[in-house]
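Take a look at the model first, then read on.

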4 protein chains.
Amino acid sequence: MIMFNCDYNEGCIPEIMDAMVRTNMDQHPGYSEDDITERAKALIRKACGREDAAVHILVGGTQTNMTVIAASLRPHQGVIAPATGHIARHETGAIEAHGHKVLALPETDGKISAEQIEKFCADHYRDESFEHIVQPGMVYISSPTEFGTVYKRAEIEAIRKVCDRYDLTLFLDGARLGYGLACRENDLDLPFLARTCDVFYIGGTKQGALLGEAVVITKESLKKDFRYMIKQNGGMFAKGRLLGLQFETLFTDDLYMKYSRHAIAMAEKIIAGFAEAGVPRYSNSPTNQQFFVMEDEKACKLAEKYGFSTEGWIDDTHRLVRFCTSWATKEENVEKLLADLKLMA
Amino acid sequence: MIMFNCDYNEGCIPEIMDAMVRTNMDQHPGYSEDDITERAKALIRKACGREDAAVHILVGGTQTNMTVIAASLRPHQGVIAPATGHIARHETGAIEAHGHKVLALPETDGKISAEQIEKFCADHYRDESFEHIVQPGMVYISSPTEFGTVYKRAEIEAIRKVCDRYDLTLFLDGARLGYGLACRENDLDLPFLARTCDVFYIGGTKQGALLGEAVVITKESLKKDFRYMIKQNGGMFAKGRLLGLQFETLFTDDLYMKYSRHAIAMAEKIIAGFAEAGVPRYSNSPTNQQFFVMEDEKACKLAEKYGFSTEGWIDDTHRLVRFCTSWATKEENVEKLLADLKLMA
Amino acid sequence: MIMFNCDYNEGCIPEIMDAMVRTNMDQHPGYSEDDITERAKALIRKACGREDAAVHILVGGTQTNMTVIAASLRPHQGVIAPATGHIARHETGAIEAHGHKVLALPETDGKISAEQIEKFCADHYRDESFEHIVQPGMVYISSPTEFGTVYKRAEIEAIRKVCDRYDLTLFLDGARLGYGLACRENDLDLPFLARTCDVFYIGGTKQGALLGEAVVITKESLKKDFRYMIKQNGGMFAKGRLLGLQFETLFTDDLYMKYSRHAIAMAEKIIAGFAEAGVPRYSNSPTNQQFFVMEDEKACKLAEKYGFSTEGWIDDTHRLVRFCTSWATKEENVEKLLADLKLMA
Amino acid sequence: MIMFNCDYNEGCIPEIMDAMVRTNMDQHPGYSEDDITERAKALIRKACGREDAAVHILVGGTQTNMTVIAASLRPHQGVIAPATGHIARHETGAIEAHGHKVLALPETDGKISAEQIEKFCADHYRDESFEHIVQPGMVYISSPTEFGTVYKRAEIEAIRKVCDRYDLTLFLDGARLGYGLACRENDLDLPFLARTCDVFYIGGTKQGALLGEAVVITKESLKKDFRYMIKQNGGMFAKGRLLGLQFETLFTDDLYMKYSRHAIAMAEKIIAGFAEAGVPRYSNSPTNQQFFVMEDEKACKLAEKYGFSTEGWIDDTHRLVRFCTSWATKEENVEKLLADLKLMA
């Protein structure tokens, strides 16, 4: 079975494994108070062009989302998000478990716009009963989105302006940030994100680390006491040196981007191959997640040799499927997939 | 200013005020452990035809909703509700503050159907990632709804069947239950509700009491330790005897229904008068809340003498307005309103 | 049965009942946005000498405590309180249900000192693992305390200084504030409390109202959006005019203090009578709650005619009992109690 | 610097690192739904002698504690724990953040007894106001404790009986379970724990894994839907195969116990050496954490070459220090430490 299910089917990039083997018996203090982590944070601050940013490396995405959001909001506030956003759909209510409503807006290709957010906030304060309604306190977006699409610089800048107008914290989930930065459509970079968002994170788990998401905080009030919040949410990893080591490695020799670019190259090969085989795309994702509409029969046959995920049903005989590439995707496996697909066409 | 804003513009029915005056200096233990409350509970159990029901009288609607829902759900569960339901829209996220997502379904006239709930639950368990999604654990409906409409017996029975299939607790918010039971469309009664719902409440605040909602619980596991939950949610009223006294009064001499019928008669007068004046209705509410589409100009003129609420905007020159009647509505005030409206037509 | 169980065995002072009867059919908007409430708030602000204070009248004590504390703390913070404080012992974990640990300090007669708080905070920040420990964010005290004792001005001023040093919000629970202000030991007044605390409340329920606690907030950041917090916690009372009416009445013609003084006079009579009968006091409470150590046999006999509460057991044959007086306590009933006690001596 | 700070100063046992290197590029589904994890769970179920046990491997200790406790309790319930228990002291209020009070009992050497729990529960239900007080719903103990001491079989059996009497869930935190099982005092084993507790966990992070705690659940109602709870608490690790791989390795060739025994041997060497040097012990820990009372001057000098933790202050010139051994402790380092200590004597 060759798997294209997700971008975490393998372990980690070889450079990380080498570093782990090399440092395994070194002694370090726990809870991310070690030198390796300090070096990793310095590399990230430098890449973001923000010496004043607070950087924390947490274990996983859901944990990061819930910690950042819980640390940001007062109890009566909610977080605006696209209806398909990870926090809205796929975290078993972790945000609600922290007391906050996810204020879901209709999405287009996984994205929401400044106009939508503006209207939502204006409507809130225009309502006679506004105090009986959850107050918008934050905007959560992800880039790439759940559908693989990316935000453009101008879109995020416009959202920033609305956030300023309504006193909203702007939070960008970058679980797959590298794949976004490496794609053809991209016009973002880390300094822009650090400058424009209040807080965002640079994904590790889906980008070649075993685990780890690096949170970059520039908003002063959110920096304060953030480590207490990490601990309370079960994210104060005892052997924090491993998180540091992985991000130190990823941010050395441009590895983070190098591996991201590989995944994009493989994704583009899949796009081309599926087009050739006449399988229609579902979203215009330029990143490592590719969505297609596939006949059930064909999907079942393909599933005998390849792993991929079914994301939903289009009609009685067609389903929505997702193929992911990653830093680990082997070109020969893509070629096998495309060859088999061609045979079915 | 004559107010039709809501059904809580006045104090309480005179019989309650008399009872309060009469018993004011009597001594009773606190926290609803008094004889008056025992009598009130017995009257309610009898009216419901369920000697085994647990009855608790809480202070207000939001408090009742959050206490019942928090007592019912495990942390990973959410509550299915119409998108316009009170818990979904108008409780400042009280349910989320207790850790639970409100799983909002699109509504029709404030109602959701058994078919919708069935589909939602089936979709949940069919999803590959169902454990990453909030599990449906409860159904919340209200009758009358936020739009004044009522559920029919067959509709609730159908919902009950879905609840049995998916192990969902069925909870009916009856903040305006009397007005529903008194309307022409009604085919419900208290014994039916006690038999079909796991828990429901009989509203007092909007039905002629100063405050108080009587919760009727028939589900065994929910009865257990419910008073702890009341206390934790700030609902263990020190002078609980007042809650008991009000419900004892309401359930004596058929007062609850008598006053409800008065409100319905006044509402029907309003329906007829507005129709005559050519003001279009917005919903087919047969109860004490009446919704109309009104020209802004007309609404502003009417607002000089009458209180009513603006619920939204239909277009640039029309708004959605609500006029409420209640146990306290004076017929002469309705006549003044209709006369003035007629003059504007 | 003559009850000395608590200070909420009766309804309300006659002046409140009169005002309710008089205004019962007046129409007012809901949710404390009425004129009566405005007048009550103005009277309270004036009595506190703080025109800038935000005043909100909530339904009950537990609800007030949980709303104020939830509105004040960030998630990783806890509230310092005496181990016998109401929030620590008698609210079924309402504070924890809002996510916050009650940091209980050993009490003396229900009180904690500035020195204790200082030491607790200093120890916190000295700990190597301080980020793994709940951060102190607030101090909760009540005056009178659960044992009827009162804080002196100098004690509260000293606590204020510690709060300033460690950035703690100072919150005083005044559920029985009037009884404290009326006692011989008192050197507090409302302007002092408004000046020294960040937030405190003036109890109504135990002081002659049917229900209601008037919260006075002087801390700016806590004023913001407080009504959202009230609603989220189920405390946005539909017929808020009743809360306003009761506090308007209590703060007219010095009624709040007049009735408080009556309760103190009755308590002093009890102190003298019990001393005469040789029943030892348990605390030196100068207020309306009086604690005694009583032989079981005597207590059981007394309980045939009088209601009072057993608060614990001293040894195998003695118990700790509480007798409360209130605005409603009849002198003849106190005399009957003392006469019967004398016969037992 | 040679570190004895804690049992997580190094990476992982070499066998785990080898397994990770060997399987790094293998493809596996995420979220612990892989074959390796299945094998690890089977090994653990077998070691526990309970084929019906549910086994889940979570990322870390705090996360495990909060997930298990949140999954077990209803909102009005709290968890009984020793005052020095990890959940009571060192998780930044994670349990309270989930809504539950930690009901802290005074401890002796980190332990609480069946008698204490019995008395606490009996007192609860005897209190007139029991519904105003958090209901005990669970018992949390750890073995080894925070002071390195261990529970005996008879002690846990006695606690089990109290749990049965009061319907309490019994939860044992085994973050350092192997070190307990390997010590001279031990009379526990995994089948006993699986039989006697409702849920317990076998620590990995402090026992030679990079991360991971294996939860063993035998209580039926707690098994249900546990994976939803893991996800909601941010513990559904994307690359779950790593958790499985580590526990598969630890439970192969008796490695878990082999490495635990090494730590105990090193600890015994430290006990002997410190005794020889005349440094008094603070607790009678038979496991890998050793506590001593040390003169400040001596401690400071030692700290120039060795890492260890200061846990508190005994008096003005003495402190409480902790030295940990682990699977990774090198005998030569212990010998250096003892030699230097001897020189200071």
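## A term to start with

A salt bridge here is a side-chain nitrogen of Lys or Arg within 4 Å of a carboxyl oxygen of Asp or Glu. Keep that cut-off in mind while you explore, and remember that this is a predicted model.

Now try it on a pair of residues. B:Glu96 and A:Lys101 have their closest N and O atoms 2.8 Å apart, and they form a salt bridge. Across the interface of chain A and chain B, the rule finds four salt bridges.

## Where chain A meets chain B

On the side of chain A that touches chain B, the elements giving two or more residues are helix H4 (86–89), helix H5 (94–97) and strand S11 (309–315) of chain A. Sorted by class, that side of chain A has five nonpolar, 10 polar and seven charged residues.

How much area do the two chains bury? Chain A and chain B bury about 1800 Å² between them, and 48% of it is on carbon and sulfur atoms. Three residues, A:Thr92, A:Glu96 and A:Lys101, supply 30% of the area that chain A buries against chain B, which is more than any other three residues. In the contact, 22 residues come from chain A and 22 residues from chain B.

The two chains can also be laid over each other. A rotation of 180 degrees, with 0.0 Å of shift along its axis, superposes chain A on chain B with an RMSD of 0.0 Å. The same surface serves both copies, as 100% of the contact residues of chain A recur in chain B.

## Where chain A meets chain D

Now turn to another partner of chain A. Here 46 residues of chain A are in contact with 46 residues of chain D. The area buried between chain A and chain D is about 4000 Å², with carbon and sulfur atoms giving 58%. How many salt bridges does the rule find across the interface of chain A and chain D? The number is zero. Polar contacts are found, though: the count is 25 residue pairs between chain A and chain D, both residues being at pLDDT 80 or more.

Several elements of chain A give two or more residues to the side that touches chain D, among them strand S1 (2–3), helix H1 (14–23), helix H3 (61–72) and H5. By class, this side of chain A has 24 nonpolar, 16 polar and six charged residues.

Chain A is superposed on chain D by a rotation of 180 degrees with 0.0 Å of shift along its axis (RMSD 0.0 Å). The two copies are thus related as by a two-fold rotation axis. Of the interface residues of chain A, 100% are also interface residues in chain D, so the copies meet through the same surface.

## Backbone details to look for

Next, find the loop between strand S5 (135–142) and helix H7 (153–166) of chain A, where A:Pro144 is found. The peptide bond from A:Ser143 to A:Pro144 is cis, with omega near -5 degrees. In chain C, the bond from C:Ser143 to C:Pro144 is cis, with omega near -10 degrees.

Chain B has its own details. B:Tyr31 is not a glycine, yet it has a positive phi of about 60 degrees. Helix H13 (residues 255–276) of chain B has 22 residues and reaches 32 Å from its first C-alpha to its last. After H13(B) comes B:Gly278, with a positive phi near 75 degrees.

Key
Residues are numbered from 1 along each chain as its sequence is written. Chains are lettered from A and ligands numbered from 1 in the order in which they are written. This is a predicted model: local features need pLDDT of at least 70, side-chain atom pairs count only at pLDDT 80 or more; totals for chains, interfaces and linings use all residues. Side-chain values use heavy atoms; hydrogens and water are left out. Contact means heavy atoms within 4.5 Å. Buried area is the accessible area (1.4 Å probe) that two parts lose on being put together, summed over both. Helices (H or I, at least four residues) and strands (E, at least two) are DSSP runs, numbered from the N terminus. Ala, Val, Leu, Ile, Met, Phe, Trp, Tyr, Cys and Pro count as nonpolar, Asp, Glu, Lys and Arg as charged, and the others, Gly among them, as polar. Copies are superposed by least squares on the C-alpha atoms of residues with pLDDT of at least 70 in both. A polar contact is a pair of N or O atoms within 3.5 Å; within protein, one must be able to donate a hydrogen and the other to accept it, and residues adjacent in sequence count only if both atoms are side-chain atoms. The expected span of a helix is 1.5 Å times one less than its number of residues.
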